[in-house]
Amino acid sequence: MKKIPEVSLLKFIKHSLEILKNPLPFHNKNFEALGDIFKLNVGFNSKIYFCRDAGFAQYVLQKNQKNYTKSKIQTEDLVKYVGEGLLTSEGEKWKKQRKMMQPAFHKKQLQNLLDGMQQTIISEFNKVESNKTIDLFPILNDLAFQTVVKSLFTQAAKNKDMERLQYVTEANQRMLVKELRQPYLGWWFKIGGTLKKHLDLSEEARVILKRIVDQRKASGQRYDDLLDMLLETRYEDGLGMTEDQLIDEILIIFTAGHETTSNALTFTFQLLAKHPEWQDKIYNEFIELGGDNADLMTRISQSKVCQQVLEESMRLYPPAYFIDRVNIEKDVFNEMEFEPGSNLLFSVYEIHRHPKLWDNPESFVPERFANGGRQFSSQYFPFGAGPRKCIGNNFAMFEMIIAVTTLVKKFKIQPKFDYVKITPLITLKPKNAHLSFQKR
């Protein structure tokens with residue numbers, strides 16, 4: 001067996017402050033020095049395998065996925081905030097939930113949501129002022145959250161409740177980041193009451209959602225939104241989800257459904273600002289496809305240039321920039337042995353920029369996806385891969401295509417920043433999306 005290179009606990013502690021701020025440069029230095037797989041000692045008996053080997057990622061996520069589960073980060077740490085939904089469950093429970101929920105996220109079902117999605121996006125973009133430098137991220141964060149809200153609840157949710165849910169979702173994510181990056185302070189979070197405060201926030205969110213669900217059931221009205229679809233889905237025995245399970249799934253949709261999309265859109269608009277020729281290409285495509293007079297679903301499915309831009313943006317700045325797995329039984333890959341219970345972290349960020357996998361890996365080259373990107377399926381994972389690939393990938397792509405074309409048809413976007421800066425939290429977040437907009 002090959003010996004896997006190690007990074008010592010001492011080196012980890014020495015760089016702990018910079019890792020807390022942004023771990024990516026530290027990991028990159030180790031990849032460059034040690035190769036595509038290395039072992040990081042994060043405690044006296046605790047280690048994590050960091051990987052940017054695309055072949056190993058494909059092996060774990062697809063070819064031998066039955067031997068791997070998600071790590072404690074999602075199956076325990078995240079569960080306490082959002083419950084045991086599709087993102088955080090494992091085994092038979094996950095299979096049962098995925099099979100039942102899959103039809104609700106089929107393209108034909110999502111078509112019912114497109115008009116509402118577009119109206120929400122247009123309304124949110126009314127906040128964009130021309131000839132003025134603004135930070136676009138807060139607007140896109142609200143846009144993505146409101147799109148999820150309207151797709152789930154149509155008009156049934158009160159603004160005050162939704163503002164509170166957005167606050168809880170974002171506050172608990174910040175808390176989880178602290179727990180993961182400062183595990184040595186776990187005792188203090190418990191004794192000091194910080195942990196309880198955030199668990200109480202989660203319970204408050206559940207109470208709000210239960211009230212909305214109960215009101216929908218009592219009303220007898222039908223909206224053809226995601227909530228209706230989730231209420232109507234049935235297991236093989238003919239029974240639907242329990243109320244607790246339904247709320248778990250809704251919390252997961254809120255957490256995973258708005259954060260990643262707002263991040264991806266922000267990075268996309270920053271890249272478009274730096275490459276105005278692609279703004280013109282998207283605008284010309286929009287006009288050629290019939291503009292606002294075209295059937296919305298037809299236009300979305302034929303917006304190939306816009307899709308290329310989004311794919312390339314998510315290659316450079318994948319919102320879900322790490323994928324975690326733990327092996328159940330001992331496994332061997334490329335003459336490297338992994339004992340049962342090994343913690344594996346696949347750096348999607350590094351795989352998407354690997355110089356052996358991509359031409360001009362650091363450059364924005366959307367045309368590389370001109371043929372649909374099938375040739376990159378073994379090295380491109382913006383929505384994960386294998387059976388646990390994100391169930392909402394079509395929802396996210398539809399939303400992002402509508403958002404990009406809506407803004408580009410109205411404005412020319414100019415950068416008010418030198419280069420794209422990032423903040424790696426649970427997802428990869430933008431830091432300096434300062435842009436100005438001139439009306440076309």
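Contact here means heavy atoms within 4.5 Å. Keep that in mind on this tour of a predicted model.

**Stop 1: I253**

Select I253. This residue sits in helix 14. Is I253 buried or exposed? I253 is buried, with a relative accessible area of 13%. Now show its surroundings. Setting aside residues up to four places away in sequence, I253 touches F105, V148, L152, L230 and H258. I253 and G386 are 133 residues apart along the chain, and their C-alpha atoms are separated by 20 Å.

**Stop 2: the largest core**

Stay with helix 14 and select residues 243-274. The core itself has 112 residues. Which residues have the most contacts inside this core? They are F125, L136, F153, I250, F254 and F269. In soluble globular proteins, nonpolar side chains tend to be buried together.

Pick F153 from that group. Leave aside its neighbours within four places in sequence. F153 is then in contact with M162, L209, I212, R216, D225, L227, I250 and F254.

Next, move to another core, which lies apart from the largest one. It has 21 residues, including F338, L344, F346 and A385.

**Stop 3: two packed helices**

Select residues 159-181, helix 10, together with residues 194-219, helix 12. Two packed helices are described by the angle between their axes and the distance between the axes. Helix 10 and helix 12 pack at an angle of about 150 degrees, and their axes are 10 Å apart. Their crossing is left-handed.

Now show the side chains where they meet. From helix 10, the contact includes D161, M162, R164, L165 and Y167. From helix 12, it includes T194, L195, H198, L201 and S202. How do the residues of this contact divide? There are 12 nonpolar, 4 polar and 5 charged.

**Stop 4: the cysteines**

Select C306 and C390. How many disulfides does the count come to? The count is 0. Why is C306 not bonded? The closest cysteine sulfur to that of C306 is in C390, 18 Å away, which is too far for a bond because a disulfide needs sulfur atoms within 2.5 Å. C390 is likewise in no disulfide.

Compare their surroundings. C306 is buried, with a relative accessible area of 0%. C390 is partly exposed, at 34%.

**Stop 5: positive phi values**

Most residues other than glycine have a negative phi.

Select N131. Its phi is positive, about 55 degrees, although N131 is not a glycine. Where is N131 found? Look in the loop between helix 8 (114-125) and strand 5 (134-135). N131 is exposed, with a relative accessible area of 62%.

Then select E335. Its phi is near 65 degrees, again a positive value in a residue other than glycine. E335 is in the loop between strand 7 (331-333) and strand 8 (336-338).

**Stop 6: D280**

Finish at D280, in helix 15, residues 276-288. D280 is partly exposed, with a relative accessible area of 34%. D280 and S303 are 13 Å apart in space and 23 residues apart in sequence.

How values were computed: Residues numbered from 1 in each chain as written. Predicted model: local features only at pLDDT ≥ 70, side-chain atom pairs only at ≥ 80, totals over all residues. Heavy atoms only, no water. Core = buried A, V, L, I, M, F, W, Y, C linked by side-chain atoms within 4.5 Å. Buried < 20%, exposed > 50% of the residue type's maximum accessible area, 1.4 Å probe, protein only. Helix = DSSP H or I, 4+ residues; strand = E, 2+ residues; numbered from the N terminus. Axes fitted to C-alpha atoms, helices over the stretch in contact; angles between N-to-C directions. Left-handed = near helix turned anticlockwise from the far one by under 90°. Nonpolar A, V, L, I, M, F, W, Y, C, P; charged D, E, K, R; others polar.
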